[in-house]
Amino acid sequence: MYLPQSELKNTFEKYYQFIKKRKEKNDFVNFTPYELRNINSFIFLNQKERGFELLDFMLKYQFPANWNHWAEVVWRDSSKPEFIGDMPH
């Protein structure tokens, strides 16, 4: 399948800037581990450092920590009673 390269690169550049902002400001509310799928996209785009950066960010939010998994929805503040979806996920 052919994807227009400029649009493809632009899409993942915007997503990467979103990741950086979320990581630097640490003011995000939640995310879903489905974002891990984007790691492969960064690797295919020859941007593996960005993929590892995303993985490093997400690994910090596995909860409970020793279970080595994520909830379906990961909240920055895990002390609040929020919807977490299926566990383990």
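1. Aromatic cluster. In this predicted model, Phe12, Tyr15, Tyr16, Phe18 and Phe42 are joined into a cluster by ring pairs. The structure as a whole holds ten aromatic pairs.

2. A stacked pair. Tyr15 and Phe42, both members of the cluster, form a stacked aromatic pair. Their ring centres are 6.1 Å apart, and the angle between the planes is 20 degrees.

3. Tyr15 belongs to helix α1 (residues 5–25), whereas Phe42 belongs to helix α2 (residues 37–44). The two residues are 27 residues apart, and the pair thus links distant parts of the chain. Tyr15 is buried, with a relative accessible area of 15%. Phe42 is also buried, and its relative accessible area is 0%.

4. An edge-to-face pair. Phe31 and Tyr61 form an aromatic pair with an edge-to-face arrangement. The distance is 5.9 Å centre to centre, with 85 degrees between the planes. Because Phe31 lies in strand β1 (residues 30–31) and Tyr61 in the loop between α3 (48–59) and β2 (74–75), this pair ties together parts that are 30 residues apart in sequence.

5. Phe31 counts as buried because its relative accessibility is 3%. Tyr61 has a relative accessibility of 18% and therefore also counts as buried, the cut-off being under 20%.

6. A charge over a ring. Tyr16, another residue of the cluster, has Arg50 lying over its face. Arg50 is placed at 3.8 Å from the ring centre of Tyr16.

Note on methods
Residues numbered from 1 in each chain as written. Predicted model: local features only at pLDDT ≥ 70, side-chain atom pairs only at ≥ 80, totals over all residues. Heavy atoms only, no water. Phe/Tyr/Trp six-rings, centres within 6.5 Å; stacked < 30°, edge-to-face > 60°. Helix = DSSP H or I, 4+ residues; strand = E, 2+ residues; numbered from the N terminus. Buried < 20%, exposed > 50% of the residue type's maximum accessible area, 1.4 Å probe, protein only. Lys NZ or Arg CZ within 6 Å of the ring centre and 35° of its normal.
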